[in-house]
Amino acid sequence: MRADIFDPRTDPEPPYWRELRVTAGLRADWAWEVLAAQAWGARTVQLITVLFDGTTPKAVVNAAWLGAPLHRFSFAAAGSRPWVGAVHVRGPGSGAVPGWWLADDLPITVLTEAYARAMRRELGPGCLALVLRQVTEEQAAQAGRLRVVRPTERIWRFPVHAWSDPEAWLMTLSRSRRSNLRGIFRRVRENEDLEIRIETGTTTLDEVRVIEAMRWNDDKYGGKLIPRVRILSGYLRALVAQPDVHSTSYIDRQSGELIAFGTALDHPTVPIVRSWTQRPAEQGGAKYLYFYHLAKQVDWAIAGGKQWVELGKGKAQEKQSLGAVPADQAAMAVPIRPW
Amino acid sequence: MAHFGIVWTFGWRALYRQVVRSSFATVPFYRELWAVDGRTEPVVVSGRTGAHGGAVPAAAVSGRLPDLVPLAGGSAEVDPLRGLEMVLHQCARVTPDTVIIGAVPPHHPRGLALESTPDEPRGDLLAVGTPAQLAGVAAGIPRVPLVTPGERGTEGLLVDDLLGVLGGVRDCGNWHLDWPRVYARETPLGLAFTLLLQRSPRLVDIVPAGGAEGRVDRCPQHRTPVIAA
Ligand SMILES: [Zn+2]
């Protein structure tokens, strides 16, 4: 298979990219300008690879070239690449979804064979292993004998296809959660100080303010040793400007301040609820807004005839109580043959 | 002394280029700006040269101070009188006995607030402040006005709220930069300043509020960089 390999920071968008995104159902975080902004803000080199059968694209892979030396406190330098390391395949900007698409008739061994070979040719003999995130057990079983598989944190999703309308969804929840949600809806409805602004493909979002809000969460989750790299405002600007991205801002009308913010990336059948950030309780944040936000995403997905809504990792209790179901995930490492 | 000029030019510029590279590699604000738009002297992404050579109007930085902190962490606070001590000593006669009125450098032993200026000046006094602040100071007291680069006249120190004290007029009558701590570069937006030794918040190629005209030259007497008209 022929492989096209791109560094989205400097390589222009390939002419077939838009069509390929539609075919492959790749969400807004795969838009070229979003990939470029994401790659500029990453600590490792990000590579996009397209595999062809003749002239037809059959596979797309997003990966980070993770190697030594790894710089904890700097962005990936343009032009310089580690000489030894592993190719880490994950969704661009989010580890909650797989970082690849394969045409229907292709097995996952395309990644461990044709793709791995292409990476070794591109990155040299120091390219020692391939790591795939968000692999299912079934996929891992196909991948040959030389492999290491480790379970990773489960991801959560709403089985929207099982719910005919929002009321049907509410009826599947526990009584206490149901009445709690009804209380939340009433509270939001009656709260005249709360403005909820939903924008699609916006170019007027004050992304600096949102980035600032995201730091509330970064400070909470970021480790001392490996700091969370702050998201660049250029990345958020490029993402929310995509026509299939919905941004929801929760604003206090009195102070004009942003209380919470979330994005959803649309898809014909499986949209993703992506970032969520809210002001800590001691700064006027309201925990119930998270439940409200997810409930509205359910409404929206049911109305749009979606099958699932991806929610990603974490907040398991909250997600489960809202009717989300877990999916087991694994990371798989495969050595790359040096020949 | 003939080669001295070469040394300051190269050493100073080399340090500046190093600060630009490090800022592009570790500071979110510059990463984003120069990756997408580009910059010049030095170019950091080949083919991308930016709208103003990469210079940043001070207004574009307001509200963005946390993004000027390198990934490894650091302060997001600016000191509007940063560099005052150093520059004041170069530009005025200050001894430990001098009583400074107004903007008193942090380690100076004798200082007075502007409001407590004596009506009958006695001893070694020096008033330092903006022209408006100095208007109320008794006429006999020697003074050093703090002026913005945009309102630069023939005397005083150059200040900017973001960058601090950038330089001042020395005995030669020239506007000396606080060399080698402050770098200045000519850009389409006017002079852009860089604090070469301030790690965080990182201030690189900032055009002060109100703009800064002029070009960077060398003082024939002191042989260090000055801002010429
Ligand atoms: Zn001089």
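## Backbone of chain A

A:Gln134 is part of strand E6 (residues 127-135) of chain A; helices (H or I, at least four residues) and strands (E, at least two) are DSSP runs, numbered from the N terminus. A:Gln134 is not a glycine, yet its phi is positive, at about 60 degrees.

The model is predicted, so local features need pLDDT of at least 70 and side-chain atom pairs count only at pLDDT 80 or more, while totals for chains, interfaces and linings use all residues. Residues are numbered from 1 along each chain as its sequence is written, chains are lettered from A and ligands numbered from 1 in the order in which they are written, and side-chain values use heavy atoms, with hydrogens and water left out.

## Interface of chains A and B

Chain A gives 17 residues to the contact and chain B gives 18 residues, where contact means heavy atoms within 4.5 Å. About 1,500 Å² is buried between chain A and chain B, with 57% of it on carbon and sulfur atoms; buried area is the accessible area (1.4 Å probe) that two parts lose on being put together, summed over both. Of the area that chain A buries against chain B, 42% comes from A:Trp40, A:Phe75 and A:Arg230, more than from any other three residues.

One salt bridge is found across the interface of chain A and chain B, a salt bridge being a side-chain nitrogen of Lys or Arg within 4 Å of a carboxyl oxygen of Asp or Glu. A:Arg237 forms a salt bridge with B:Glu32, with 3.2 Å between the closest N and O atoms. On the side of chain A that touches chain B, the elements that give two or more residues are helix H7 (207-221) and helix H8 (233-240) of chain A.

## Zinc site in chain B

The zinc ion has as protein donors B:Cys172 (SG), B:His176 (NE2), B:Cys219 (SG) and B:His222 (ND1), at 2.0 to 2.3 Å from it. Donors are N, O and S atoms within 2.8 Å of the metal (3.2 Å for Na, K and Ca); water is not among the atoms, so sites may look incomplete. The sequence spacing of the donor residues is C-x3-H-x42-C-x2-H.

The arrangement is tetrahedral because the four donor atoms around the zinc ion subtend angles of 105 to 114 degrees; four donors count as tetrahedral if all angles lie between 85 and 135 degrees.

## Cis peptide bonds in chain B

The bond from B:Glu41 to B:Pro42 is a cis peptide, with omega near 0 degrees. B:Pro42 is placed in the loop between helix H2 (28-36) and strand E1 (56-57) of chain B.

The peptide bond from B:Trp179 to B:Pro180 is also cis, with omega near 0 degrees. B:Pro180 is in the loop between strand E8 (175-177) and strand E9 (182-187) of chain B.

Definitions and conventions: Four donors count as tetrahedral if all angles lie between 85 and 135 degrees; four count as square planar and six as octahedral if opposite donors are over 155 degrees apart and all others between 65 and 115; anything else is irregular.
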